[in-house]
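Open the structure in a viewer and keep the selection panel at hand. The stops below say what to select and what is there.

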Amino acid sequence: MGKPSLSLRLTIFLSLSLTASYSISASSSSPIFPRRSSPNPSLKATPSDLLSLLGPKSQSSSIDPFVAKELTSCFRFLVPFSPIAKKNCPPSYLNRKFLSLKQKGGDLCQREENELVWWPPRPVLELARLAVDSGGDPAAIQRALDPTMITVPDVEGSKEDRCELTRTPYGRRFISEELNSYLEFLFELILARGPNIGLNVSLSRYDLFHGHLFLAIDSGRLGILFHAKEYPAYDKEVFPYNMGYCQVGSNVTYDDSMNLRNILWLAPLPSDSTKAWAAPGVLVALDARPDGIIYRDLIPEYVNIARTIYEDDLGEVAVDVNYLDVGNAGSKFKIFIC
Ligand SMILES: *[C@@H]1O[C@H](CO)[C@@H](O)[C@H](O)[C@H]1NC(C)=O
Ligand SMILES: *[C@@H]1O[C@H](CO)[C@@H](O)[C@H](O)[C@H]1NC(C)=O
């Protein structure tokens, strides 16, 4: 699937390895980023705990209560969490076409937006079901893509900076336009609701433009881990890291909102035995503040400065979802699946 992009995780790692003095200041013993000790230090939260806790009772009840409490304190829900699905199946009115809903013009009301996260349109549900039925096979997701390759255009002057934003220089789209449209909706929803939780993002090539679509086989969950604030501006004081071409010209300031840069969307969880659903969808920012359990247990130490949760830790990554400013008059942004 092409070479991996030089993600924040990797570039930080490189700059740390190349610059010994930085690696000292970024190490876990640094007083700037204290690590809190838990009552029982052997109790560590795992990525699988995180997903289970956002699932049905049958999954969440198996988590150690201390870990559950600490993790819960790091959840910043962008859409209210609704662990007990009021109805065990999507409300029937959601069979309405999502696209037509958007095209009919105007904004969705908050309630409709919430419902679209809890119970997405049919093509999204079908993808979630496919993820489980295929036994977590990324190829099953990839087969839902239109084979047409679309060249990734020059996004906001990236060419001039020699910045390769995406994993591959071309992208594809899902055959289902409703699915593409839903992905756009998720980006726009994060943009719109972020400020409620202290996460101001912009849909720019330095900030929120991508997420990693993964299949978590153990929990049966299809999800996307979005990474906002991908390229913070170099700053001698607060962010003295050189991240290469894509960072040049960044207007993203490194501040406390970096803690919220990992945003998790989960599709509803199919129940194993029936055609029913065991849990509704979720949209939550994962607070990686330095005194929290996510920072302590789920952020690899070599990227703790960048607060990056690694998508491969959550599941098998099928594709990257990019939402790029292509500068068209009609629709400014476009989805590229790479
Ligand atoms: C986010 O932006 C809003 C304006 O849209 C501003 O009022 C608020 O102070 C900003 N919050 C942060 C954390 O920067
Ligand atoms: C950074 O630039 C983008 C794209 O021009 C813009 O939308 C955004 O508001 C800017 N952000 C800040 C923090 O100035």
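**Helix H7 and its neighbours**

Begin with helix H7, whose buried residues pack against helix H10 (177-193) and strand S9 (282-286). Select residues 110-118 to show H7; the buried ones are Glu115, Leu116, Val117 and Trp118. Buried here means that 20 or more other C-beta atoms, placed from the backbone, lie within 10 Å of the residue's own. Helices (H or I, at least four residues) and strands (E, at least two) are DSSP runs, numbered from the N terminus.

This is a predicted model, in which local features need pLDDT of at least 70 and side-chain atom pairs count only at pLDDT 80 or more, while totals for chains, interfaces and linings use all residues. Residues are numbered from 1 along each chain as its sequence is written, and chains are lettered from A and ligands numbered from 1 in the order in which they are written.

**Leu286**

Next, select Leu286, found in strand S9. Why does Leu286 count as buried? Because 23 other C-beta atoms lie within 10 Å. Touching, or contact, means C-beta atoms, placed from the backbone, within 7 Å. Then pick Arg76: Leu286 and Arg76 are 210 residues apart in sequence, but 6.2 Å apart in space, C-alpha to C-alpha.

**The whole chain**

Zoom out to the protein chain, which has twelve helices and eleven strands. Of its 338 residues, 44% count as buried.

Terms used:
A residue is buried if 20 or more other C-beta atoms lie within 10 Å of its own, exposed if 12 or fewer, and partly exposed in between; C-beta atoms are placed from the backbone. Two residues are in contact if their C-beta atoms, placed from the backbone, lie within 7 Å.
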